[in-house]
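Please read them with the structure open.

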Amino acid sequence: MSLFTNTYRTGLALVLAAGLLGACKSSGSDDPTPAPPTPPTNPGPPPIPQYGTPFAGVPNRQDAVMYQVNMRAFSQTGNFAGVTARLDSIRDLGVNVLYLMPIYPIGTDSKSVNSPYAVKDYRAVNAEFGSLADLRALVDGAHQRNMAVMLDWVANHTSWDNPWITQHPDWYQKNAAGAITPVSNNGTTYNDVAQLDFSNAAMRLEMISALKSWVYTANVDGFRFDYADFQPNDFWKQATDTLRNIKSHKLLLLAEGTRAANFSSGFDYNFGFSWYGGIYQVYKNGASAVSNFDALNNSEYNGASGTQQVVRYITNHDVNGSDGTPVTLFGGKEGAMSAFVVTALYKGVPMIYNGQEAGMSQAIPFPFTSVKVRWGRNPDVKRAYQQLLAARAGSAALRVGTPTPLSTRNVCAFTKTAGSEQAFVVANVRNSPQVYTLPANLANTTWTNALAGGSVTLDAQVSLPAYGYLVLKK
């Protein structure tokens, strides 16, 4: 989600290619000079030159570990350079995909609320964050550290001072009186943004052309599409087909939505809204681990095929500001880490929001200008993230194995298998000690501790301290 808390968003992609035939006058043998071809009447925009070399290290979609960057809060300077300066730290977590919140100029009209999701110009860089050269330096730096970069794309709406408003008013939805309408969803109206009309073919083509341009202009490796459940699926199919046709780039495409049809529309990922809801209910409200986790591995993957995935998280820019940080929601640093263990290992692709690995207890509220991440306050939390993500990267079973649910009300437990590899994860979801009785096939078995190393022999039961967890493999 983005500007619209607790709703879905999205982005888009597509391209247009136009070709024209020249006319040639037929001539007899007494007229050896051919007539010149008729010049094209609509040659279209010139091709955009490719900046840099397409990144060869984009991970397979099932192997991604994403990191969401909120430029305003990430550094004291609140710009691209502040992110570039900390790329080593992000990489050292075990991240291989950066996802940058919108980098475009935003509306400054009277209706503006300073939202990054009110785009004024889809083809430019927001001077608040720096220049195109600064963005390129960030992307180059990420690539040098073997990390791909995704941009956030806001397809559904624009700011009211976007030039499209006056140049192409027919590109927007209008009310009965002929006035362009703001965005409305589930009874809530967002007056700072104007609703685009996806029945307009010309708007679609220009949107997709602008989207595609960033692959060449900044050499990016994919997009997170804001509010993606609220545009027609045929638009997304048009957009993703266009992007997939850029054969020089391997692109990762994330729909911030939950529709099963998003998978058939060509996205690599849906967004784990329901997973976050499950984490919230279990760790915050004491709900059962069985009923809230196990079923989501089926329901969230409805429509997925092959290696298509769901991106799962315990916080992001929306819920961090509205609900609070994982540390405040889920039982302190220990509870937050337990929640992330389950999230990162059960199924899907994990996402970290900036400041999460710093163990922040202070939320970053919209529009993300009042709080800066305080780095280095909780090095034990960062070490735990590094340890966990290193174990995940080093085990096919932990990363992409098929899970078998073994949870109880108070303990989330599951095995995973990938070929000959096996893993067993058990996590206490309560702020009190729990005893977990092992299934007969796991009792008296020996494993390797995937986090700390060394051999672990299980008895008939496992005793877990408050929010304790074990990650085992063999």
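1. Y436 has V462 in β18 as its bridge partner. Strands β15 (residues 434-437) and β18 run antiparallel and are joined by four bridges; two strands pair if DSSP finds at least two bridges between them. Strands (E, at least two residues) and helices (H or I, at least four) are DSSP runs, numbered from the N terminus.

2. This is a predicted model: local features need pLDDT of at least 70, side-chain atom pairs count only at pLDDT 80 or more, and totals for chains, interfaces and linings use all residues. Residues are numbered from 1 along each chain as its sequence is written, and side-chain values use heavy atoms, with hydrogens and water left out.

3. On β18 (residues 461-464), V462 and L464 form the covered face, while Q461 and S463 form the uncovered one.

4. S288 sits in the loop between α9 (273-284) and α10 (289-294). S288 counts as buried because its relative accessibility is 13%, where buried means under 20% relative accessible area (1.4 Å probe, protein chains only). Leaving aside neighbours within four places in sequence, S288 is in contact (heavy atoms within 4.5 Å) with V282, R409 and R430. A polar atom of the S288 side chain lies 3.1 Å from the backbone nitrogen of V290.

Terms used: Buried < 20%, exposed > 50% of the residue type's maximum accessible area, 1.4 Å probe, protein only. Polar contact = N/O pair within 3.5 Å; in protein donor to acceptor, adjacent residues only side chain to side chain.
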